[in-house]
Amino acid sequence: MKKLILSVAMAIAITSCTKNEEIPQESVEQQTELLTKDQINAKIQESIDTSGDFFWMDTDAHTIWSAISHNDNLLTIGYGNSDDDFQQNSRSKGIKDDLISLVRSIENNNDQKKDKEELYTDGNLNVIDIKVESKETIIALMQDSRVRYLEPATYSLQNENSRSGEGFGCGFSSRTLSSSDYRTVAPGARVPWNFDIHNIPAAWNLSTGRGITVAVIDSGLSPNQRWMNQYFNDGYSSGRSVQKYGTYVDSWWAWSNNYDGVNDKCGHGTSMASVATAPRNNDNLPVGVAYNANLVSYRSVQNVLIDDYHEKRGVAEALTAIGNRSDIKIVSMSIGSPFSSSRVRDAVRYAYNRGKLIFAAGGTSTGFTNWYGVIFPANMNETVAVTGIKEGRYTRCGNCHSGSKIDFTIEMERNSGNFVPVLSSNDGDANYVGGSSVATATTAGIAALVWARNPGWSRSQVLDKMKRAGEFYPNRNSSFGYGNIDALKAVQ
């Protein structure tokens, strides 16, 4: 499936909605005419502009009903006895069964075969997806104190007349690297220009990430880049492993469970994994920050935007799987969404509650996201938000986002305009990549160095040491958090 994208025309339509499109001031129960997508998008935009995020439960039943009606009537229900009751337990099954019965009683849907086809139950979280056509069902659910949230499962800000190609962070190109953008270290690896700024090579004298496992949730890992596969233990990198999983379903049909495999079809995931963990090779290729750390790659999205139903499910499944593994300590997510997905939010909290240190990209603008600040899930308290800045100054790189939620910065853009040399998805090739994506993967790699140096530490101890290595510490900048990290100071 090629994910739908938002064109410039759509962006203009969203931002130009005015008061004359407001719905009549009548009760939710009395409203019968669907809100248009422009009207719904205007509500989303207004919330993001005023609060920095958008939650469907802050709207009303008519808005949610309109949103699901514009798509396939698929409703996501988060349930539990409280907002913190998001993971399955002995009590939650009864709540789930009650809510399913409530929906079916109102929807008059008693055909068991159809019920099974139109119901998805998460294996770890208190979340279900179910077909709903009646607004009365949504009203009843919103009045039930055991419903934590309702969300239109498949609604997103997108232009239905467009298809994605290599947009939203994707690309398979390679470039010849300028010799001014790297230096070579034994046994023949190229150190990107910004590594020295952050004292990463100096930190290697004390730690290389050995024994730490980093999980990268992204678009997967390309089988065509041997240095991230069979040559993962090339040069000075040894004794480590790379594992690949796929949690993304490539289908227009919401009920499909046909996972699309582990291979990167975007190029972004391969580059991010290489930034964090590429081998210290002897083949004149860029080295990763934690070149002796283990890697676990999850193909959970098609590209960097988490806006498709199967992407939300894919990211949530990856996070819960990571949460259930004791060996994974660090999660790098160079992906995000302009506003929250409560399913993904639950999954972030699930992994966080199991001690994972989760890094998330603060945001890099595209035609889709150019009016947003720090995006989701980087704006969550459970994640560490990272953005990129320009060489030698605290100015956002390119279209990088900034704001009070940012925790760390990494220099990404040279004064010459070049970004950071990284491995591409083409075998033995490199490319220049920048933005908050690379900044996030770089920071995850530094965290692996710190944790490998102090294997008995907790997440909070590792994060505290990284904060103390920030340029602004003990202060916090309103747009750039603790600023640039000194990796050597962090591992000392």
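R313 lies over the face of Y120, at 3.6 Å from the ring centre. A charge is said to sit over a ring if NZ of Lys or CZ of Arg is within 6 Å of the ring centre and within 35 degrees of the ring normal. The charged end of R240 likewise sits over the ring of F232, 3.5 Å from its centre.

Please note that this is a predicted model, in which local features need pLDDT of at least 70, side-chain atom pairs count only at pLDDT 80 or more, and totals for chains, interfaces and linings use all residues. Residues are numbered from 1 along each chain as its sequence is written, and side-chain values use heavy atoms, with hydrogens and water left out.

I turn now to the aromatic rings. Rings of Phe, Tyr and Trp (its six-membered ring) pair if their centres lie within 6.5 Å; planes under 30 degrees apart count as stacked, over 60 as edge-to-face and the rest as tilted. The structure holds 11 aromatic pairs. In one of them, Y394 and F472 are tilted, at 4.7 Å centre to centre with 40° between the planes. Y394 lies in the loop between strand 12 (384-390) and strand 13 (406-413), and F472 in the loop between helix 13 (459-468) and helix 14 (487-491), so the pair ties together parts 78 residues apart in sequence. Here helices (H or I, at least four residues) and strands (E, at least two) are DSSP runs, numbered from the N terminus.

Y394 also forms a tilted pair with F480, the ring centres being 5.7 Å apart and the planes at 45°. Finally, ring pairs link F54, W56, Y155 and F339 into a cluster.
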